[in-house]
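Open your viewer, pick a colouring you like, and get ready to select a few residues. We will go stop by stop.

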Amino acid sequence: MRLANRMARLGTETAFEVLARARALEAQGRQIVHLEIGEPDFDTPANVIEIACDALHGSQTHYTPSAGMPALREAIATDATARRGVAFDPAEVVVTPGGKPIIFYAMLALVNAGDEVIYPNPGFPIYESMIDFVGGRALPVPLEEARDFSIDVERLCGMITDKTRLIILNSPHNPTGSTLARADLEAIAAAVLDHPDLLVLSDEIYSRMIYDGEHVSIASLPGMQERTIILDGFSKIYAMTGWRLGYGIMPAALAQQFATLMTNSNSCTATFTQLAGVEALTGPQEASAAMVAEFRRRRDVVVAGLNAIDGVTCRVPHGAFYVFPNISATGLTSAEVADRLLREGGVATLAGTAFGAYGEGYLRLSYANSLDQLNLAIERMSAMMSTLLARVR
Ligand code: PLP
């Protein structure tokens, strides 16, 4: 079959491939600890499920406006205003099936062939994939362990040219769990404001999963609301990955363009899902708070366990539910280590390079799994590291 040329530029997320390989091993009778997939192992809060069921039984089964139901856009604007400390209007909100379409729409709406986009590497693989897909020039800014995986702001600002249309930020960050400090965001904002055609795509999907410090949105800095597209959603914080519900918040004129992209692709986000979203934001928050508290507990166990393994070092992530341990002492590529860990060790992880070239030497582990499973994973990793290190020592 003859495909359009652009399909050769489309990347993917290896988490889904590793999950399929792990499932195949399980089908052969092996027991695998799953640390590959980035989704909470919690159920969606019961009150949210109830509202969705009521909506379905109450004939809420028709199209909604492409940008989202007014009640949900209002709830999102109110929530974002309270959490980020600047006033957002419902007209600035576009509701989408998950947060991911916001990445796609940002590229489609803003990036012409040859335009430059700066993005974090290692980083969520969809950034690079979508930049390449629309014919943009993907310029990675490395996140280095020596800087606690924060962005080298001077380096980033030095990369900005008149062709740069977008800077992608992600805090807390997937895969490293690092966060961006206010001072760094201020320096980035100053550079952005120097370039009239430059916008920021601020992926804040993990912004309520912070264990140290506070979340600062670059949109809340002076002059930046007009220059920022916030990506956020319900997948992680309300354990709603399979519902497909997310949103973007951006200048109203751009929101209209995103809504037109919605009309052309999805028509609208599922109606009962949107109503569940209103409940998630305006109803009781205890379930999601308890989930975040549990993630924090697990983070501490996993980081301590990893650092106790000979040949592994792991920084303390400040948010999200990932750790990014350094396994370079093995002398193997991270893909080789991840492969042997899955096939021989029975632990499914992702190679750091699944998040870009600068992820070499690392693995990404999601700690969205029970403490029992996490402890088992540490035990198995420790045994595997002894085997791998014996080879190089
Ligand atoms: N941004 C980041 C950094 C993510 O890790 C993810 C999901 O893994 C998303 C966006 C997309 O989330 P959603 O499931 O809402 O599309």
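How many cavities of 30 Å³ or more does the structure hold? The structure holds six. A cavity here is a set of points, on a 1 Å grid over the protein atoms alone, where a 1.4 Å probe fits but cannot get out, and lining residues have an atom within 4 Å of a point. Volumes are the space filled by probe spheres set on the points, which are joined across faces, edges and corners.

Before you click on: this is a predicted model, with local features needing pLDDT of at least 70, side-chain atom pairs counting only at pLDDT 80 or more, and totals for chains, interfaces and linings using all residues. Residues are numbered from 1 along each chain as its sequence is written, and side-chain values use heavy atoms, with hydrogens and water left out.

**Stop one: the largest cavity**

Select Arg208, Asp232, Gly233, Ile237 and Tyr247, which lie nearest the centre of the largest cavity among its 13 lining residues. About 70 Å³ of space lies inside this cavity. Next, show α3 (70–84) and β7 (228–233), each of which supplies at least two lining residues; helices (H or I, at least four residues) and strands (E, at least two) are DSSP runs, numbered from the N terminus.

**Stop two: the largest pocket**

Now select Glu13, Gly38, Lys100, Phe124 and Lys236, the closest to the centre of the largest pocket among the 29 residues that line it. The space in this pocket is about 530 Å³. A pocket is an open set of points with protein on both sides within 12 Å along at least five of seven lines. Colour α1 (14–27), which gives four residues, the largest share of the lining.

**Stop three: two cis prolines**

Go to the loop between β5 (164–170) and α7 (182–193) and pick Pro172. The peptide bond from Ser171 to Pro172 is cis, with omega near -10 degrees. Pro175 is found in the loop between β5 and α7 too, and the bond to it from Asn174 is cis, with omega near 20 degrees.

**Stop four: positive phi**

Select Asp148, in the loop between β4 (137–142) and α6 (153–159). Phi is near 60 degrees at Asp148, which is not a glycine. Finish at Ala320, in the loop between α10 (286–307) and β9 (322–323). Ala320 has a positive phi of about 60 degrees. Is Ala320 buried or exposed? Ala320 counts as buried because its relative accessibility is 0%, buried meaning under 20% relative accessible area with a 1.4 Å probe and protein chains only.

Key. Buried < 20%, exposed > 50% of the residue type's maximum accessible area, 1.4 Å probe, protein only.
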